[in-house]
Amino acid sequence: KKEKKEKKEGGGLDLWSSTAPDTASNQYGGPKAPQDKREKELAKEKETKKDAETKNLIQVSDVIDQQLKKKKEEKKEEVRKEAEKKAKAMKAARREQEAQEEEVDTYQIDDGTGLGNFMDKIKVMEIMKDTVKTANAQGG
């Protein structure tokens, strides 16, 4: 019985020979140690502190950035103030125009006198009041 098994193993086609080995290994190589970003960040902070203490480059650039920001803010403030002035001028112009239009208002009611569109404002208002009174009396 043992001889038969040996013959079967030796002669024949092995279907599993072309597949990957039983133990899977990373083709590209795995990480050598656990990756921890905190250590890298601490190292960067130490380097920047050394540079700041020795060269003062960071402080100078901060001052320049602050000055540029102030200039930009001043420009924005000027533009905003100009826009406000324009808006106020537009409002004032609209108010004046509305006042002029109110003065020139002409009412078109015919009371039978033949004046038509050229009636006085007071007469027009009286006619309108009478119309409202009669409408309320009839309506209920």
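## Reading a predicted helical chain

Q: How exposed is valine 60 in terms of relative accessible area?
A: Valine 60 is partly exposed, because its relative accessible area is 47%. Valine 60 sits in helix H3, which covers residues 57–103.

Q: What kind of model is this, and how are its residues numbered?
A: This is a predicted model, in which local features need pLDDT of at least 70, side-chain atom pairs count only at pLDDT 80 or more, and totals for chains, interfaces and linings use all residues. Residues are numbered from 1 along each chain as its sequence is written, and side-chain values use heavy atoms, with hydrogens and water left out.

Q: How many of the 140 residues count as buried, in percent?
A: Of the 140 residues, 2% count as buried. For surface area, the Shrake-Rupley method is used with a 1.4 Å probe, and for residues only the protein chains shown count as cover. The chain exposes about 14,500 Å², with carbon and sulfur atoms supplying 53% of that.

Q: How many salt bridges does the structure hold?
A: A salt bridge is a side-chain nitrogen of Lys or Arg within 4 Å of a carboxyl oxygen of Asp or Glu. The structure holds two. Glutamate 77 pairs with arginine 80, their closest N and O atoms being 2.1 Å apart. Both lie in helix H3, three residues apart, or about one turn. Arginine 80 also meets glutamate 84, at 2.5 Å from N to O, with these two residues four apart in helix H3. Shared partners join Glu77, Arg80 and Glu84 into one network.

Q: Which residues form a nonpolar patch on the surface?
A: Patches are made of residues with over 30% relative accessible area and no salt bridge; like charges are joined within 9 Å, and nonpolar side chains (Val, Leu, Ile, Met, Phe, Trp, Tyr) within 5 Å. Val60, Ile64 and Leu68 make up the nonpolar patch, with about 260 Å² of accessible area together.

Q: Which residues form the negative surface patch, and which the positive one?
A: Lys and Arg count as positive and Asp and Glu as negative, while His and the chain ends are not counted. A charge is placed at NZ of Lys, CZ of Arg, CG of Asp or CD of Glu. Glu73, Glu74, Glu78 and Glu82 form the negative patch. Glutamate 74 is in helix H3 and is exposed at 52% relative accessible area. The positive patch consists of Lys69, Lys71, Lys72, Lys75 and Lys76. Lysine 75 is found in helix H3 and counts as exposed at 57%.

Definitions and conventions
Buried means under 20% relative accessible area, exposed over 50%, partly exposed in between (1.4 Å probe, protein chains only).
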